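Okay, thanks for making the time, everyone. Let me put it up on the screen.

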Amino acid sequence: MKVRVLMLGAGMLLGSQVAVAADAPTPAAVVEQMLESAGGSDAFTRLGVLEFAIDQEETLSDGERISTHFVAYTIGSDLDTARIALSDSVVVASHDGKGWAASDGELDTRPQTPRMAVGTIHQKLFPLLLPFSIAMGGVHVNKVVPSTFEDQPVWLLTVVFDRNFFVSPSMNTEWLLTVRRSDHTVVAAEFLPPVEFRKVTTEGVRYRYLQHATIDGVRLPTQVLLDGIDFDRVENGHVRVTKIKPSVRGPFEAELFVDPRRLELLEGGTPGVE
């Protein structure tokens, strides 16, 4: 599992956090500690294909409530190989850096589909698979800042994403991860919308990692709280609770992830999309 470390400018401090005097470790050292605290990248790789049943209950700032369910698959050795069944009829997937999508068993052949499929997978899975998703392609670890969070010493870790990493342009390409110093656990992640989108998007996001489960020595999130935040990083009433049921599916299954058109060429058959 490769993790990219990129040294850029200073990251922002969370409004609720106050910097403290301490010698910060390198970004690479904090990432290694995060991964080890969750069981280690080697153990995660050995899990093989993972399946996640995901239920979300969302309350918007105007009181509207939305419930969603989807199932995701990925492989511990390569989180850029992934598949999400958004519904009974809609699938997005990626493999070898190439995305594809299908609806009602028909492949989506629009030119923008590969990019949008990969961006959709990143947008849905990156926050739910921390700390291991830090190894996704296009993710760069930046600066470490000492701070406190809810009276606990933490490291603030700046993470920078490649352009178009997410399908939605309002998801900023610079995030802050809050890592507890005592056990190197990720306790929060947040971002504000890019400046150029703030006239049309008035909300940022803060994720809180509330519950975890351990599978074969690997610690994975099972409950994640999303709070909408304003530009001052104050919660605005938009809340989403994500409950995740992770399980090990088994060895790699090409039909889950590989574009059916490529499978047909490789196998000389006519595989189904589902």
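**Rings and holes**

So, there are 12 aromatic pairs in this structure. By a pair I mean rings of Phe, Tyr or Trp (its six-membered ring) with centres within 6.5 Å; planes under 30 degrees apart are stacked, over 60 edge-to-face, and the rest tilted. Quick housekeeping: this is a predicted model, where local features need pLDDT of at least 70, side-chain atom pairs count only at pLDDT 80 or more, and totals for chains, interfaces and linings use all residues. Numbering runs from 1 along each chain as its sequence is written, and side-chain values use heavy atoms, with hydrogens and water left out.

Take Trp175 and Phe191. Their ring centres are 4.8 Å apart with the planes at 20°, so that counts as stacked. Trp175 belongs to strand β10 (residues 174-180) and Phe191 to strand β11 (residues 186-191), so the pair ties together parts 16 residues apart in sequence. Strands here are DSSP runs of E, at least two residues, and helices are H or I, at least four, numbered from the N terminus.

Buried or exposed, what is Trp175? Buried, at a relative accessible area of 0%, and Phe191 is buried too, at 4%. The cut-offs: buried is under 20% relative accessible area, exposed over 50%, partly exposed in between, using a 1.4 Å probe and protein chains only.

Another stacked pair is Phe252 with Phe257, 5.7 Å centre to centre and 20° between planes. Here Phe252 is partly exposed at 41%, whereas Phe257 is buried at 0%.

Back to Trp175 and Phe191: they sit in one aromatic cluster with Phe126, Phe161, Phe165, Phe166 and Tyr207.

Now the holes. We've got two cavities of 30 Å³ or more. A cavity is a set of points, on a 1 Å grid over the protein atoms alone, where a 1.4 Å probe fits but cannot get out; lining residues have an atom within 4 Å of a point. Points join across faces, edges and corners, and the volume is the space filled by probe spheres set on them.

Of its 13 lining residues, Leu130, Pro131, Thr185, His212 and Arg219 are closest to the centre. β13 gives the most to that lining, with three residues.

The second largest cavity is about 30 Å³. Who lines that one? Phe52, Ile54, Leu125, Leu128, Leu129, Pro221 and Ile244.

That's my tour, thanks.

How values were computed: On a 1 Å grid over the protein atoms alone, a cavity is a set of points where a 1.4 Å probe fits but cannot get out, and a pocket is an open set with protein on both sides within 12 Å along at least five of seven lines; lining residues have an atom within 4 Å of a point.
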